[in-house]
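Colleague: I have a model open and would like to learn how to read its features one at a time. Please start with a single residue and build up from there.

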Amino acid sequence: MTADKIDPCWYNKLEFENNRKPAKVYRRTFSHQGKIYRAAGEYILEDLNHPFLKDVTAEFVRTAELICRPFKNNSVNKNIYLCAFCNLEWLPVARQRISKEIRFEQVAVNHVYCLGMFTGEELEQIGDPFIFDAHGRTIPLTPSAQEFQTVALTRKYPFTSHYLRRSTELVGISGEGSMSPDFTGAEPLFVCDSVSHYEYYHARVCGTYRYLKFKSIHQTVAEIFLMDEGNRPIDILPTDPDQPLHPLFDKDPLTYGSIGDSLIVDLQQPRSLKDIYIFARNDGNNLFPDQEYELFVNRGGRWISYGKKETADFELEFAQIPAGALYWLRNRQKGVQERIFTYEDGKITWW
């Protein structure tokens, strides 16, 4: 990767998924680590119902003691759980006996947590989630009743550095447009000489063409999207009905193909072009057209939907969203990689 191919304006703002650390680390020992208290019939999570588990989190990450404020316990349970978000749900990572002052030791800092308690075998969230920051302070994530914001989103999962190298493969791709199949009098449309977005190259064009020619030095890319003047996607059909659609035009971000020396596209009729998006190979977690997404806000101990929207392009905006809360964007059609996040001053922080 060379510096001249990467725009530092966006690179320095990226928050990589790799920076995440485990909330808890346990070691299974041969010695007994302590007695487990429970009420009659109280369910104890099997993963934490082990007298030989030793908490060794401090050996791997920065930790601090977490002191929870007293709460009204309407249950007969004797145990409360510290939970982190994992695999699309709150997952208990530590257990503590309920008392006037609940202390969790060796808790990884710079994480979002919530408290939970079991009703039968179902985990129920208690109160609002909170950030446990680098100084060992708890910052509640309580949705504001007075302040609202517009949340603008382009992804549902943090960017992974593995795909950063893939984005540089877009450099060198160029495009031409013509009304003639032999490209007589072709007009240059774009040349990608640097990357200004971590997953795609965006070229603004203005013209009417039937034929397009993409040139490269044998890079592999994931997808080419064409948008008309009305901001509507232009579908690319196979020239031969008996042949499968080229993977660069199948609207699947996880497939990919090679442009080769050149790739000619017949739009079947003259079309007015406005935008061309060329996607590098990616993880499929950015927003794509014609997908339905739903934004959730954690309020009152549960996830509350604040609306569903279908994407017309590669970003969505949700207006009148309570500020100061914890959010979760879900793709209602496909995919399993989704992370919770906070949003402040137009910036996402993934947790």
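This is a predicted model: local features need pLDDT of at least 70, side-chain atom pairs count only at pLDDT 80 or more; totals for chains, interfaces and linings use all residues.

Colleague: With which residue does lysine 215 form a salt bridge?

Modeller: A salt bridge here is a side-chain nitrogen of Lys or Arg within 4 Å of a carboxyl oxygen of Asp or Glu. Lysine 215 makes one with glutamate 176, and the closest N and O atoms are 3.1 Å apart. This pair links distant parts of the chain, since lysine 215 sits in strand 13 and glutamate 176 in strand 11 (residues 174-178), 39 residues apart. Salt bridges can also share partners, and in this way Glu65, Glu101 and Arg103 are joined into one network.

Colleague: How many salt bridges does the structure hold?

Modeller: There are 15. Another is between glutamate 59 and arginine 27, with 3.0 Å between the closest N and O atoms. Glutamate 59 is in the loop between strand 2 (53-55) and strand 3 (63-68), and arginine 27 is in strand 1 (residues 26-28), 32 residues away. Arginine 27 is partly exposed at 36%. Then there is aspartate 133, paired with arginine 137 at 2.8 Å between the closest N and O atoms. Aspartate 133 is buried, with a relative accessible area of 8%.

Colleague: You keep mentioning strands. How many helices and strands does the protein chain have?

Modeller: Helices (H or I, at least four residues) and strands (E, at least two) are DSSP runs, numbered from the N terminus. The protein chain has 2 helices and 23 strands.

Colleague: How many bridges join strand 7 to strand 8?

Modeller: Two strands pair if DSSP finds at least two bridges between them. Strand 7 (residues 111-119) and strand 8 (residues 122-132) run antiparallel and are joined by 8 bridges. For example, glycine 116 has glutamine 125 in strand 8 as its bridge partner. The two strands form a hairpin with 2 residues between them, and glycine 120 in the turn has a positive phi of about 65°. Strand 8 also pairs with strand 9 (residues 138-140), again antiparallel, over 3 bridges.

Colleague: In what order do the 5 strands of the open sheet stand?

Modeller: The order is 19-18-21-22-23, with antiparallel pairing. Strand 19 (302-310) and strand 23 are the edges: each has a single partner strand, so one side of each is left without a neighbour in the sheet. Strand 22 and strand 23 are joined by 4 bridges, and threonine 342 stands opposite threonine 349 in strand 23.

Colleague: What should I notice about phi?

Modeller: Most residues other than glycine have a negative phi. Asparagine 87 has a positive phi of about 55° although it is not a glycine. Asparagine 87 lies in the loop between strand 4 (79-86) and strand 5 (89-97), and is exposed at 68%. Aspartate 345 also has a positive phi, near 55°; its place is the loop between strand 22 and strand 23 (347-350), where it is exposed at 76%.

Colleague: Last topic: how many residues are in the largest nonpolar core?

Modeller: In soluble globular proteins, nonpolar side chains tend to be buried together. A nonpolar core is a set of buried Ala, Val, Leu, Ile, Met, Phe, Trp, Tyr and Cys residues joined through side-chain atoms within 4.5 Å. The largest one has 26 residues, and Phe190, Leu212, Phe214, Leu226, Ile276 and Ile278 have the most contacts inside it. Strand 12 (187-191), strand 13 (200-215), strand 15 (223-228) and strand 17 (262-279) each supply at least two of its residues. Apart from this core lies another, of 19 residues, including Val93, Tyr113, Met117 and Phe130.

Note on methods: Residues are numbered from 1 along each chain as its sequence is written. Side-chain values use heavy atoms; hydrogens and water are left out. Buried means under 20% relative accessible area, exposed over 50%, partly exposed in between (1.4 Å probe, protein chains only).
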